[in-house]
Amino acid sequence: MSFGLLSEDFKIYKNIDSVIHRLDSRVKFFWVLVVGIVMILFKDPIWMFAFSIPAFFLVSWMAKMTWNDYKPILVPIVMICTLAFLINQWLYPYEHTTFLFYLIPDMGVIGPAIPVSLESLLHASAIVLRIPLLMGPVRVFIGTTPMKDLASGFTKMKFPPEVTMSISIAMGYLPVLLAQLRSVMESQMARGYTFESGTKNPVKALTQFTPLMVPLVMRSIIRAEFLAAAMVCRGFEYDPQHRTYLKEIKLRRNDKIALILCFSGLGFAIYATIMGWPRWEVFSLPLIKSLFGIA
Amino acid sequence: MKKDIEIEISDVTWTYRKTETPAITNLNIEIKPSEIIFITGPAGAGKTTLCRFINSLIPHFYTGKLEGKVVVRGMDTAEYPPEILCGHVGLIFDNPSNQLFNLTVYDEIAFGPENLCIPPDKIREIVADALKFCRLETYVDKTPHHLSGGEQQACALASIMAMRPQIYVLDEPTANLDPHGTELVFNRVEDLFRTEKKTGIIVEHKLEQISKLADRMIVLDQGKIILEGKPREVMQSVDKLSQLGLKVPQATLLAYNLQKKGINLQNLPTSLEEGIKTISGLLDQGKLEVTDKNADQRGENIVEKTPNEKEVLIDCQDIWYTYPDGTEALKGVNLKIHKGDFLGLIGRNGSGKTTLAKIIKGLYSPTKGKVLVSGTDLFKKTGIDRAKTVGYVFQNPDDQIFSKTIRDEIGYGLKFLKLSKDAEDKLINKAATTMELQDHLDKNPFDVSQGLRQRVAIASVLIFEPEIFIIDEPTTGQDFARSKIIMDMVRTLHEIGKTIIIVTHDMELIAEYAKRLIVMKSGKMLLDGSTRNVFSQPKMLQESSIKPPQITSLGQALSKYSVPPDILTVEEMETILTIKKVS
């Protein structure tokens, strides 16, 4: 059984020093936000790639993120993307489209056919690509930002400090939760539990998780109560608005440069959207048709 | 507030919400500044509830019905919430991982002062002091959860110290630690109280260590005070303490039993040093004499003598194991376990004992080497075949319980065997009978006591009728009475012919039950021999931070009187120390 996210060496925050690590948490959050907005505005996969991939690789390199840092999140992303891609293919109307092939051929009474057209492919790709193209920057963000900086950054942005601290502590506690899941998994495996990844019956697939999820949830509830009590005992609710943050959050030169770049990117993205460029009907479809000589 | 009283608990009765029986009944305690109070009692005595009163978690965080009054440093806890009292009272819980939630040790310690809005420069000063005091300077950037248990608890202590409270409430701070971690925490706590003159309330089961430190000892049972006084005075009530299931130091118990046999003792010893003094005094005075009826059997390593006579069940051949983060947990372990062995795996945390146990179970595959079970490579078997060969009972039964009834929980593993309903029922009833669970089969496992859940966990492994049972730290976090119950269950398994491997830190219990010991150190086997042989090598054990049972150490200290160095139990010592008849 692959442990992926549960592996011992997978750490959410990468405790090293880099240009990106040193950036203000608000700037990094703004970058993720810009990518998110652009992913919503853009409806053309080629535009999406062109806009986010170079920036993502550049930031990843500057943040000293390696393939191993992304590997554990790949499996869930691929699973979600595959599902989203199939649903979008299935729902896309196929009248007046450029037919390419059948994903599922017509089998009469068994169910409707799922044809794939150039239009449905571009449409589904545009929707599905949003997930990895957004998850990548999110991974860089949480991998380079200590949870405490995240909380202080959000508090400076006028988010309620109780909420931001709770979220940051919960995220910081994730490795403990994963260790707990590992321990539950080993307990059940010791009694013969095996995970059958190939099962097609969704109910059966779900019940397979019951022996893992019930102990995990029960123990997490108990732990959550202890954690909350421990936080209260350390003055968490004393005066959240005025609590001290040891690390001073201040915009420095690099932060300002990063902000200018983000704003420029966002400005260009909004302008392009207003002009109607990043739509597959306008850009990718005619381009592919002309490249492959499709009428 | 009365003058010179720091904590005043007056006529307090507390009932948790959704329960009918009060956890604390009509409690009255007064604590003076700088006084150190040692509180003990069996499970369910109300010790943790009492701790929660002091920093007003009760009634502000935990809800229920409160009668009476708790006043701390002049503040009525009903009016002052924990976030106000936290600057006066620091509370440390038993499980370090339930109270550490920051990314680095530094952040963890700074968390409290930051909440109290202390200026950054002052916080840096406070954190530096706390780090130095708790010997954590080298772990500043480490994640608290990556520290050892003792270091984690030291980090919890530092994080409380940083809030500069006058009162420290420590709720079983060493319950989940190995002996090395326990020593680290006790050293820090002792330093704190001795040098800083703080007021302390320490809940513990380790009578010997805390009684030296405390000014007063309180024994609780079912929410009421049963005994109260100076620790030395309270510990004279051996009968009462034993009835409550508390672990009386072995030297005290021995002296008490000798007293019952007619030896006149003014005071019972409460520590090893006092025990040595008392017994050597009695031997010098000629009131006791040493008669070892089993002298001819001593000094021999029974296990090493007879390996070929028994069938080898598990054969670990040059086992190496490296964790994905690069930690080398095992470095070439060669071990043969024989049919019917009752084996204890001991060593400090991180020595490789649990990793070795999990490899024998087949949960981890060795990086190098082979494990043969009855001559067959364990890793060539399927998961269910491994479950049928080696049973593994984990430390916490709550890691596995998920079914609606105890019957379903015990029978969970059987669904992988695809047996008939009749055959399943037969196996469930058999396992339930062995673990004395017949009357509880239709109960919800979440509604029964921890002790019963532990039995359910063992029964759910027993269902496969494995020949080998591995039991991982069954007594960690348990009080003495519960630990004894668990160990008796394990003995039952041994008596029905199972081979037992126990991973543990409890030397007194393992001395009483195990026949063979393996001492692990840094991924290697340091010692392998009969329990007697291993415990009679204190210098070797020290290398692995292991202390023999108190009674063994007592025997070793009395060697000049010809007391053998391998006494394992108080009963055995009593047979050796006989009362000299006056002619």
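Q: A salt bridge is a side-chain nitrogen of Lys or Arg within 4 Å of a carboxyl oxygen of Asp or Glu; going by that, how far apart, N to O, are B:Glu409 and A:Arg191?

A: The side chains of B:Glu409 and A:Arg191 meet in a salt bridge at 2.7 Å. This is a predicted model, where local features need pLDDT of at least 70 and side-chain atom pairs count only at pLDDT 80 or more, while totals for chains, interfaces and linings use all residues. Residues are numbered from 1 along each chain as its sequence is written, chains are lettered from A and ligands numbered from 1 in the order in which they are written, and side-chain values use heavy atoms, leaving out hydrogens and water.

Q: How many salt bridges are there over all chains?

A: The count over all chains comes to 34 salt bridges.

Q: Back to B:Glu409 and A:Arg191, where does each of them lie?

A: B:Glu409 lies in helix H16 of chain B, residues 406–411, and A:Arg191 lies in the loop between helix H8 (174–189) and helix H9 (202–233) of chain A, so the pair joins two chains. Helices (H or I, at least four residues) and strands (E, at least two) are DSSP runs, numbered from the N terminus.

Q: Is B:Glu409 buried or exposed? And A:Arg191, buried or exposed?

A: B:Glu409 is buried, at a relative accessible area of 0%, and A:Arg191 also counts as buried, at 1%. Buried means under 20% relative accessible area, exposed over 50%, and partly exposed in between (1.4 Å probe, protein chains only).

Q: Which residues does B:Arg124 take as a salt-bridge partner inside chain B?

A: One partner is B:Asp121, with the closest N and O atoms of the two residues 3.2 Å apart. B:Asp121 and B:Arg124 are 3 residues apart in helix H5 of chain B, which means that about one helical turn separates them. B:Asp121 is exposed, with a relative accessible area of 59%, whereas B:Arg124 is partly exposed, at 35%.

Q: And what about B:Arg407, which residue does it pair with?

A: B:Arg407 forms a salt bridge with B:Asp442, where the closest N and O atoms are 3.6 Å apart. This pair links distant parts of the chain, 35 residues apart, since B:Arg407 sits in helix H16 of chain B and B:Asp442 in the loop between helix H17 (421–434) and helix H18 (450–462) of chain B. The relative accessible area of B:Arg407 is 27%, partly exposed, and that of B:Asp442 is 60%, exposed.

Q: Which residues are joined into one network?

A: B:Glu35, B:Arg216 and B:Glu228 are joined into one network by salt bridges that share partners.

Q: Changing topic, what is the contact between chain B and chain A made of?

A: Chain B brings 62 residues to the contact and chain A brings 50, where contact means heavy atoms within 4.5 Å. About 5,000 Å² is buried between chain B and chain A, with carbon and sulfur atoms giving 62% of that area; buried area is the accessible area (1.4 Å probe) that two parts lose on being put together, summed over both. B:Phe101, B:Glu114 and B:Asp399 supply 14% of the area that chain B buries against chain A, which is more than any other three residues.

Q: How many salt bridges cross the interface of chain B and chain A, and which helices of chain B take part?

A: The rule finds 5 salt bridges across the interface of chain B and chain A. The elements that give two or more residues to the side of chain B that touches chain A are helices H3 (82–85), H4 (105–115), H5 (120–133), H6 (149–161), H14 (353–361) and H15 (383–389) of chain B. H4(B) gives the most to that side, with 8 residues.

Q: What domains does chain B have?

A: Chain B is divided into domain 1 (7–243), domain 2 (250–300 + 555–579) and domain 3 (343–354 + 383–535), with bounds that come from an automatic or database domain assignment. Taken over C-alpha atoms, the centres of domain 1 and domain 2 of chain B are separated by 36 Å. Their contact takes 8 residues from domain 1 of chain B and 10 residues from domain 2 of chain B.

Q: How much area do domain 1 and domain 2 of chain B bury between them?

A: Domain 1 and domain 2 of chain B bury about 840 Å² between them, with 50% of it on carbon and sulfur atoms. On the side of domain 1 of chain B, B:Arg232, B:Gln236 and B:Val238 supply 57% of the area buried against domain 2 of chain B, more than any other three residues.

Q: Which residue forms a salt bridge with B:Arg232?

A: B:Glu274 does, with the closest N and O atoms 2.4 Å apart. Helix H8 (207–213) and helix H10 (238–243) of chain B each supply at least two residues of the side of domain 1 that touches domain 2 of chain B, and H10(B) gives the largest share of that side, 3 residues.
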